[in-house]
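This briefing is meant for a reader who is meeting the structure below for the first time. Please look over the sequence and the model before going on to the notes that follow.

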Amino acid sequence: MARVCQLTGKKPMSGNNVSHANNKTKRRFLPNLQNRKFWVETENRWVSMRITNAALRTIDKLGIDVIVKKCVQLARKFKEYICVKKSN
């Protein structure tokens, strides 16, 4: 399973470990992913997501219904874009 947030799209970054002697070795900065289940009132069901802690804070602030609505709208735009791209 990819280490990618399902809401924000955050992925692992690469960088360097830097020692006291300024030696640099490659490393990865991984996103803080959490598996969470949310009850969505509008759909009357549980939704499981693998999201970052930042996305979890956004859900706490705005509410899961607002986030789901934005995701659906974004998916529709993306789907329309792909359909237009295929027809050309």
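From the N terminus on, the elements of the chain run β-β-β-β-α-α, that is, four strands and two helices, where helices (H or I, at least four residues) and strands (E, at least two) are DSSP runs numbered from the N terminus. This is a predicted model, in which local features need pLDDT of at least 70 and side-chain atom pairs count only at pLDDT 80 or more, while totals for chains, interfaces and linings use all residues. Residues are numbered from 1 along each chain as its sequence is written, and side-chain values use heavy atoms, with hydrogens and water left out.

**The chain as a whole**

- Of the 88 residues in the chain, 18% are buried, a word that stands for under 20% relative accessible area, whereas exposed stands for over 50% and partly exposed for the range in between (1.4 Å probe, protein chains only).
- The chain exposes about 7400 Å², and carbon and sulfur atoms supply 53% of that area; the accessible areas come from the Shrake-Rupley method with a 1.4 Å probe, and for residues only the protein chains shown count as cover.
- Among the contacts in the chain with a separation of 6 or more, 34% are between residues 24 or more positions apart, a contact being heavy atoms within 4.5 Å.

- Strand E1 (residues 13-18) and strand E2 (residues 24-29) pair in the antiparallel sense over six bridges, pairing being assigned if DSSP finds at least two bridges between two strands.
- In this pairing, Val18 stands opposite Lys24 in E2.
- The two strands E1 and E2 form a hairpin with five residues between them, and Asn22, which lies in the loop between E1 and E2, has a phi near 65°, a positive value in a residue other than glycine.
- Asn22 is partly exposed, with a relative accessible area of 47%.

**The hairpin of E3 and E4**

- Strand E3 (residues 33-40) and strand E4 (residues 45-52) also pair in the antiparallel sense, here over eight bridges, and Phe38 stands opposite Val47 in E4.
- Four residues lie between E3 and E4 in their hairpin; Asn44, found in the loop between E3 and E4, has a positive phi near 55° although the residue is other than glycine.
- Asn44 counts as exposed, at 56% relative accessibility.
- Thr52 lies in strand E4 and counts as buried, at 3% relative accessibility.
- Not counting residues up to four places away in sequence, Thr52 touches Cys5, Thr8, Lys10, Pro31, Asn32 and Leu33.

**Aromatic rings and charges**

- A search of the whole structure finds one aromatic pair, and this pair, formed by Trp39 and Trp46, is edge-to-face, with 5.5 Å centre to centre and 65° between the planes.
- Rings of Phe, Tyr and Trp (its six-membered ring) pair if their centres lie within 6.5 Å, and planes under 30 degrees apart count as stacked, over 60 as edge-to-face and the rest as tilted.
- Trp39 counts as partly exposed at 33% relative accessibility, whereas Trp46 counts as exposed at 52%.
- Lys37 lies over the face of Trp46, at 5.8 Å from the ring centre, and the charged end of Arg27 sits over the ring of Phe29, 3.8 Å from its centre; a charge sits over a ring if NZ of Lys or CZ of Arg is within 6 Å of the ring centre and within 35 degrees of the ring normal.
- The search of the whole structure finds one salt bridge, defined as a side-chain nitrogen of Lys or Arg within 4 Å of a carboxyl oxygen of Asp or Glu.
- The side chains of Glu43 and Arg45 meet in this salt bridge at 2.8 Å, N to O; Glu43 is partly exposed, with a relative accessible area of 36%, and Arg45 also counts as partly exposed, at 45% relative accessibility.

**A residue in helix H1**

- Thr58 has its place in helix H1 (residues 53-62) and is partly exposed, with a relative accessible area of 33%.
- Leaving aside its neighbours within four places in sequence, Thr58 is in contact with Gly63 and Ile67.
- Thr58 and Leu7 are 51 residues apart in sequence and 9.9 Å apart in space, C-alpha to C-alpha.
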